Amino acid sequence: MERRTLLHGPAVVAVLKVAVTAVTLLLGVYMVALWLGKPRWHGRINAVCLALTYATLGGLEGLMRSIQPGIFDIIVSDPAALGRLRLHLAFAVPAAVLFPILLITGYRGPRRWHLVLACVFGVVLMGTWLTGVLGLPHD
């Protein structure tokens, strides 16, 4: 008898696409807070986004390493899907590294560094969204 699991790679990818879209929209809300002259709200929303992002990354790592190690074999076994995953990670990893640095420079300065990093982060975040939501297979 074949063992069925609730979790399979494409379904997890689909859920992650929703999560990435939600965080990206929330980051858009924090830009509105800045536009309205509410830098504290900008920082608070940013902190929530960071917490959600790292909770998702931790859950994904736990799922891949402990709960169901072969969950993404279907993606890894397909050279085209693996290439798209690598492209996505080329944006997602720098975004995950820059995010806490951006938060720290936002709270403590220097402001110039924060603004430069914010521009870089915006580019890698859009790359993360585009390559993840539009590029990764979920069927």
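**Exercise 1.** How many disulfides does the structure hold?

*Solution.* The model is predicted, so local features need pLDDT of at least 70, side-chain atom pairs count only at pLDDT 80 or more, and totals for chains, interfaces and linings use all residues. Residues are numbered from 1 along each chain as its sequence is written, and side-chain values use heavy atoms, with hydrogens and water left out.

Step 1. A disulfide is a pair of cysteine sulfur atoms within 2.5 Å.
Step 2. From the sulfur of Cys49, the closest cysteine sulfur is that of Cys119, 18 Å away, which is too far for a bond.
Step 3. The structure therefore holds 0 disulfides.

**Exercise 2.** Is Cys49 buried or exposed? Is Cys119 buried or exposed?

*Solution.* Step 1. Buried means under 20% relative accessible area, exposed over 50%, and partly exposed in between (1.4 Å probe, protein chains only).
Step 2. Cys49 has 0% relative accessibility and is buried.
Step 3. Cys119 has a relative accessible area of 57% and is exposed.

**Exercise 3.** At what angle do α1 and α2 pack?

*Solution.* Step 1. Helices are DSSP runs (H or I, at least four residues), numbered from the N terminus. Axes are lines fitted to C-alpha atoms over the stretch in contact, and angles run from 0 to 180 degrees between N-to-C directions.
Step 2. The angle is about 165°, and the axes are 8 Å apart.
Step 3. That makes the two helices, α1 and α2, roughly antiparallel, a term for angles over 145 degrees.
Step 4. Contact means heavy atoms within 4.5 Å; among the residues making it are Leu16 and Tyr30 of α1 and Trp41 and Cys49 of α2.

Key
Angles under 35 degrees count as roughly parallel, over 145 as roughly antiparallel, 65 to 115 as roughly perpendicular and the rest as oblique.
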